[in-house]
Amino acid sequence: MNTKLLLTGCGFLILVALTGWYLTSSNTQAPAPTVNVVAGQPVAVTHNMSLAKRILTPDITTVTQGDQVTIKVMSDEAGEFHVSGYEIENNMIVGTELSFSFTADKAGRYNFELHPKMEEVEEEHDSNATEETATNEAEEDIVIGAFVVNPR
Amino acid sequence: MRYTSLSIGTVLAALIPAAALAHGFGQRIDLPVPLYLYLIGGGAVVALSFILLGLFSGRLSELLHDYPRFDLMRLRWFRAIASPIALVPLKIVFVVILLVALASGIWGDQNPAFNMLPTVVWILLAIGVTFFCAFIGNIWNVVNPFKTLYEWAETIFHKIGRTWKSEPLPAPFGLWPAILMFFAFRWIENVSFMSSDPRPLSTLVLLYAFITFTCMAIFGKDEWLKRGDPFSVFFSFFSRFSITEVKEGAIYLRPPAAGLLNQSATLSETAFILLMLSSVAADGMLTTPFFQNLFSALLSVGIPWFVVGTAGLASLFAAFIAVYYGFSFLTKTISEDSSSTFEVARRFIYSLLPIAIAYEVAHYVSILVIEGQRILYLISDPFRAGWNLFGTADYEISYTVLNLKILWNVQVVLIVIGHVIAVMIAHAIADRFFKDSRKSLISQYPMLVLMIFYSCLSLWIMAQPIVAVE
């Protein structure tokens with residue numbers, strides 16, 4: 001019976017310590033406007049990326065919820081740059097930098113996707129094939145990176 | 001927090017070129033559980049194990065064994081909704097969902113986001129029905145559309161005077177056909193690259209339907225569903241945790257997890273449960289940086305992905321068997337009981353289910369909540385033909401329904417609760433099995449270590465950044 005009492009006591013001690021730790025750590029994690037004003041406020045950030053041979057560098061962009069995000073992409077391929085979840089789609093033109101801004105209001109991990117344009121196929125075939133290319137274009141979702149929005 | 005997020009991002013960035021491991025279907029939007037929560041969860045698991053070991057007494061175990069049951073058939077409204085006639089519309093709904101999803105897979109838009117089949121298979125069936133079975137009861141036994149279609153066909157054949165006799169599945173087969181097919185299912189989900197592509201998926205569903213109908217005709221419907229059909233077996237194991245129990249035509253309400261007591265699994269049942277446990281962990285585990293690094297190292301040597309992925313899934317299964325058998329051996333040795341290791345293994349295997357269920361829910365709840373919304377626009381326009389049957393065709397998935405900070409806490413709390421239930425069930429099983437209270441207490445140490453390890457593994461997986469891009 002004594003062992004049992006000892007075990008219970010140990011367990012409770014650990015549990016109390018953990019509760020204390022949880023309360024203090026969640027306090028520091030929570031937005032604390034009085035302590036750390038600068039880090040707690042949303043900021044405007046710009047992320048430059050390049051897309052070469054369908055490889056995005058850097059392929060992970062991390063921001064904090066609420067940030068005003070500007071994304072700039074230089075691509076060697078024409079097509080649509082898609083931020084899934086945010087449903088932002090923009091056309092990329094080879095040789096011109098694509099730039100767009102939005103507020104990262106949704107926390108989570110979202111994909112950067114490329115919807116390539118299939119110009120070569122369009123030129124090769126007759127009008128009959130154009131229709132098919134159009135559907136193909138809509139189908140191809142190539143995941144090229146991730147957009148990570150940490151919760152505030 | 002800023003620094004943590006930065007470091008997570010850096011880690012992710014460094015690991016992205018690793019092999020992309022395809023997960024069934026649906027994008028995870030949840031982020032890894034932060035380190036402090038992971039440590040607190042792990043600590044709570046250990047602390048509560050101590051407390052339970054100290055507080056648990058023979059009386060509590062007897063109380064668990066003589067759990068209260070309530071006969072739902074005594075309620076008139078329940079009798080009404082559980083009557084065979086009232087269930088017909090529900091069965092029809094599931095048959096229609098299956099047929100429309102299949103047609104959508106074959107002829108519909110081949111973009112997985114606009115096709116019903118991937119969502120029906122990977123979200124509705126693999127996650128939705130699993131959750132329902134684990135908590136409410138074995139709904140699959142009622143709504144299984146393959147069973148319904150077979151019953152209808154059987155009735156028609158009987159009407160036109162055609163009957164056949166089924167041969168029972170030979171006893172040595174045990175659950176092995178189900179084990180084989182369940183492994184194939186998890187392989188398609190985690191290893192093959194076609195899990196989310198509608199047309200290949202519809203071929204697989206048709207193949208499954210063909211196997212199921214043929215085997216039901218040969219071995220008998222109930223026999224096959226009980227021992228050969230991977231989903232029926234899977235759902236029936238999960239539903240032992242649930243709050244309802246079907247016995248001799250009556251339906252009883254019982255406390256959750258009570259159905260895990262007084263069980264004794266056969267060899268193949270033990271193997272199936274271990275496969276279930278390992279495959280529930282596989283989806284999360286194989287996308288952790290550790291495994292992705294291992295995989296990319298193997299791939300760079302020139303070993304093809306199918307070999308690497310299959311080996312990964314199989315070795316995870318083997319590891320679960322080895323570890324569980326090892327701990328059963330320890331339990332047997334430390335308690336100095338005369339029973340064999342296998343006898344211990346088959347008695348305690350069910351006590352691990354609560355942790356698996358807790359992990360399953362913690363891991364998949366975000367996908368169910370986010371990707372499950374797809375069904376709203378898909379049912380209005382299953383073929384992307386511009387229809388709007390229910391007026392929901394223009395529905396857009398809302399990502400804000402999920403608060404990540406709340407989700408993290410829920411995930412950790414779920415694992416801790418699952419662990420506590422598992423430990424209590426193991427205690428109660430030990431009290432009955434060993435009869436001697438000293439033996440029963442001592443026998444708990446190895447199982448407790450195993451459970452702490454398993455719960456912490458579940459927490460660890462959730463604290464890992466997800467590496468695979470797709």
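**Two sheets, chain by chain**

Let's start in chain A. Strand S4 (residues 68-75) pairs with S7(A) in the antiparallel sense, over six bridges. Two terms, quickly. A strand is a DSSP run of E, at least two residues, numbered from the N terminus. Two strands pair if DSSP finds at least two bridges between them.

A word on the source. This is a predicted model: local features need pLDDT of at least 70, side-chain atom pairs count only at pLDDT 80 or more, and totals for chains, interfaces and linings use all residues. Residues are numbered from 1 along each chain as its sequence is written, while chains are lettered from A and ligands numbered from 1 in the order in which they are written.

Back to S4(A) and S7(A). Find A:Lys72; its bridge partner in S7(A) is A:Ser99.

Now the whole sheet. It is open, with four strands in the order S2-S1-S4-S7 (chain A), and the pairing is mixed. Which strands stand at the edges? They are S2 (55-57) and S7 (98-103) of chain A. Each has a single partner strand, so one side of each is left without a neighbour in the sheet.

On to chain B. Here an open sheet of three strands runs S1-S3-S2, with antiparallel pairing. S1 (70-71) and S2 (244-247) of chain B stand at the edges, each with a single partner strand.

Look at S2(B) and S3 (residues 250-253) of chain B. They pair in the antiparallel sense over four bridges. B:Glu245 stands opposite B:Tyr252, and B:Lys247 has B:Ala250 as its bridge partner.
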